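Please look through the sequence and the model shown here before reading on. The report that follows takes up the fold, the core and a few single residues in turn.

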Amino acid sequence: MSQYIDVFFPIWLNDIPSQFNMNIRHLSAINTDEQFPPFHKFLDNIYQSSLFAVRILENSLRQNQSNDSNMIAFPRQKNRRFPNYVKSPNVKDEFIFYTNILPINSQRIPFNISKAVDNDLNTCWRSRSNVIGGDFFGIDFLYIQTNLTFSITIEHTKYLQKKLDLNFSLDGLWWLTYLSLNGITEKPVDDSTSNFNRYTIIFNSTEFNLGFHSFRYVAFNSTETFYSGDFQVCDVQIL
Amino acid sequence: MGRNVAIIFALILSLSCLIYIRRFSVNSKQSLLIVSSVCINNDYQHNVASHINIGFSNFAIVEAKQYESELEEKYDITAILIHGKPSENMIQTIEYLVHSRRFKEIIIWNNDPGINLTKIMFQATNNTFDSIRIINSNENFKNKAKYLACSQAKTTTCFYVNSNCNIASYLKTLIADFRSDPSILHTVIDPFTFYTNLIWTYFDEKIDLHTGFSWIGCGSIFLREHAQRHLQYLHIYLKNYPSK
């Protein structure tokens with residue numbers, strides 16, 4: 001049972017873990033058993049042990065054992081500040097790119113969000129094939145910064161981009177919409193091999209309206225549903 | 001006449017401008033009223049919005065920065081490494097953790113009772129590793145060791161990594177992400193494993209079941225109280241199972 005202690009830990013916290021979604025580099029080619037078991041046993045081990053852990057958790061919650069002073073209760077309340085987002089840091093460890101859209105679509109093809117921030121213009125993150133009103137992608141710059149300039153290179157249509165609200169936040173929970181065009185410029189991607197739909201938007205906060213020079217988070221929220229449009233982000237850079 | 005023109009102009013302006021109030025609530029204790037005005041008439045939109053699009057006040061920015069500093073102070077971090085077999089990767093990881101200056105302390109838990117680890121084994125020529133604490137265990141606790149080590153941390157928070165993962169490319173962002181949401185587990189996972197982890201999420205609203213799974217081996221941050229509680233759970237629910 002000792003080998004499954006690490007399986008029980010996240011499950012018994014009773015709150016979905018926040019997970020960075022990225023291509024992990026290893027110091028050597030050796031993978032220890034402690035990190036990831038051999039692949040052929042991987043799914044079966046995890047499935048069986050996770051079921052075991054969940055059965056204990058479920059039984060305890062169902063019997064409301066918090067009333068029993070001899071038992072240590074499993075937590076019931078969700079204490080998280082943010083919903084379960086899909087996120088990835090950029091390769092330079094400078095910011096986090098994230099979205100509310102889970103990597104499940106009708107084709108059951110998982111998308112790779114790290115492609116938006118892998119410093120490669122030729123790889124892009126694509127969301128599910130239809131964007132619903134309220135869906136967003138955003139950037140967490142790790143702490144409140146002032147006079148930041150950053151760019152995003154996108155491949156979804158300009159029509160879709162214009163239908164996105166540009167929102168800024170200091171804490172990720174309270175947002176203000178930026179309604180001006182000051183400090184925002186577009187330029188086509190100068191690359192003969194690139195898709196002609198691809199272009200870069202530069203956000204220079206030194207030229208933003210007063211009150212928008214400092215922020216930690218930026219988010220692009222869809223204001224309506226697009227049945228045949230998806231987000232496509234190829235690159236994000238701090239300039 | 002001039003007065004009539006002014007009145008008509010004011011009426012036209014008020015008809016073509018939309019004034020709305022946005023109310024943002026973090027929770028019932030934190031609500032703030034912001035007023036922003038946008039004209040429906042697109043000819044006015046850019047010019048008017050650029051003048052009256054209200055942003056964050058200086059007070060809000062100062063307060064938010066103060067809150068960030070408080071979080072940094074409250075959630076100081078101890079790095080946990082489990083020493084089983086000696087390796088170059090372990091030395092490399094320890095050096096990186098020390099030089100990153102992001103940890104109050106680094107605990108090296110020696111799971112091999114046949115070896116007595118000392119700090120001098122990890123000291124490079126020009127470096128002093130004052131922040132390292134070595135715990136030589138009298139028993140091989142295997143995977144339980146990391147929770148035992150974390151429960152003895154002097155900080156509220158623990159960072160765990162096995163020595164094979166290269167954390168240099170995501171350590172800063174992982175720590176910042178943790179401090180923005182400190183009550184949950186934060187991990188790092190590759191895209192395929194993330195997708196399979198989603199399959200092992202379980203919900204039942206009637207009994208407050210809302211749990212999920214992730215591997216913690218390649219860099220994870222969690223609260224010391226969660227590690228201590230996990231040890232209690234193991235004692236209660238696994239006491240009838242062999243430890244090996």
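This is a predicted model: local features need pLDDT of at least 70, side-chain atom pairs count only at pLDDT 80 or more; totals for chains, interfaces and linings use all residues.

## A pair of strands

Residues are numbered from 1 along each chain as its sequence is written, chains are lettered from A and ligands numbered from 1 in the order in which they are written, and side-chain values use heavy atoms, with hydrogens and water left out.

## Chain A in outline

Chain A holds three helices and twelve strands. Of its 239 residues, 57% count as buried, a term for a relative accessible area under 20%, with exposed meaning over 50% and partly exposed lying in between (1.4 Å probe, protein chains only). Among the contacts in chain A with a separation of 6 or more, 76% come from residues 24 or more positions apart, a contact being heavy atoms within 4.5 Å.

Strand S5 (residues 136-146) of chain A is mostly covered, with nine of its eleven residues buried.

A:Leu142 is found in strand S5 of chain A, and its phi is near 80°, a positive value in a residue other than glycine. Most residues other than glycine have a negative phi. A:Leu142 is also buried, with a relative accessible area of 7%.

## An open sheet of five strands

Elsewhere in chain A, five strands form an open sheet in the order S4-S12-S6-S10-S9, with antiparallel pairing. Its edge strands are strand S4 (125-126) and strand S9 (184-188), each of which pairs on one side only. Strand S6 (residues 149-154) and strand S10 (residues 199-204) of chain A pair in the antiparallel sense over six bridges, and A:Phe150 stands opposite A:Phe203 in S10(A).

## The nonpolar cores

The largest nonpolar core has 91 residues, such a core being a set of buried Ala, Val, Leu, Ile, Met, Phe, Trp, Tyr and Cys residues joined through side-chain atoms within 4.5 Å. The members that touch the most others are A:Trp12, A:Phe97, A:Trp125, A:Phe137, A:Ile139, A:Ile152 and A:Phe168. Helix H2 (residues 39-62) of chain A gives the most to this core, with eight residues. Apart from it lies another core, of 36 residues, including B:Tyr75, B:Leu117, B:Phe159 and B:Val188.

Leaving out residues up to four places away in sequence, A:Ile139 touches A:Phe95, A:Ile96, A:Phe97, A:Tyr98, A:Phe150, A:Ile152, A:Arg216, A:Tyr217, A:Val218 and A:Val236.

## Where helices of the two chains meet

Helix H1 (residues 5-12) of chain A and helix H8 (residues 224-237) of chain B pack at an angle of about 115°, with their axes 10 Å apart; axes are lines fitted to C-alpha atoms, for helices over the stretch in contact, and angles run from 0 to 180 degrees between N-to-C directions. That angle makes H1(A) roughly perpendicular to H8(B), since angles of 65 to 115 degrees count as such, those under 35 as roughly parallel, those over 145 as roughly antiparallel and the rest as oblique. On the H1(A) side, A:Ile5, A:Phe8, A:Phe9 and A:Trp12 meet B:His226, B:Ala227, B:His230, B:Tyr233, B:Leu234 and B:Tyr237 in H8(B).

H1(A) is mostly covered, with eight of its eight residues buried. A:Asn14, in the loop between H1 and strand S1 (18-21) of chain A, has a positive phi near 55° and counts as buried at 0% relative accessibility. A:Ser50, placed in helix H2 of chain A, is likewise buried, with a relative accessible area of 0%; leaving aside neighbours within four places in sequence, A:Ser50 is in contact with A:Val7, A:Ile11, B:Trp200 and B:Tyr202.

Terms used: Helices (H or I, at least four residues) and strands (E, at least two) are DSSP runs, numbered from the N terminus. Two strands pair if DSSP finds at least two bridges between them.
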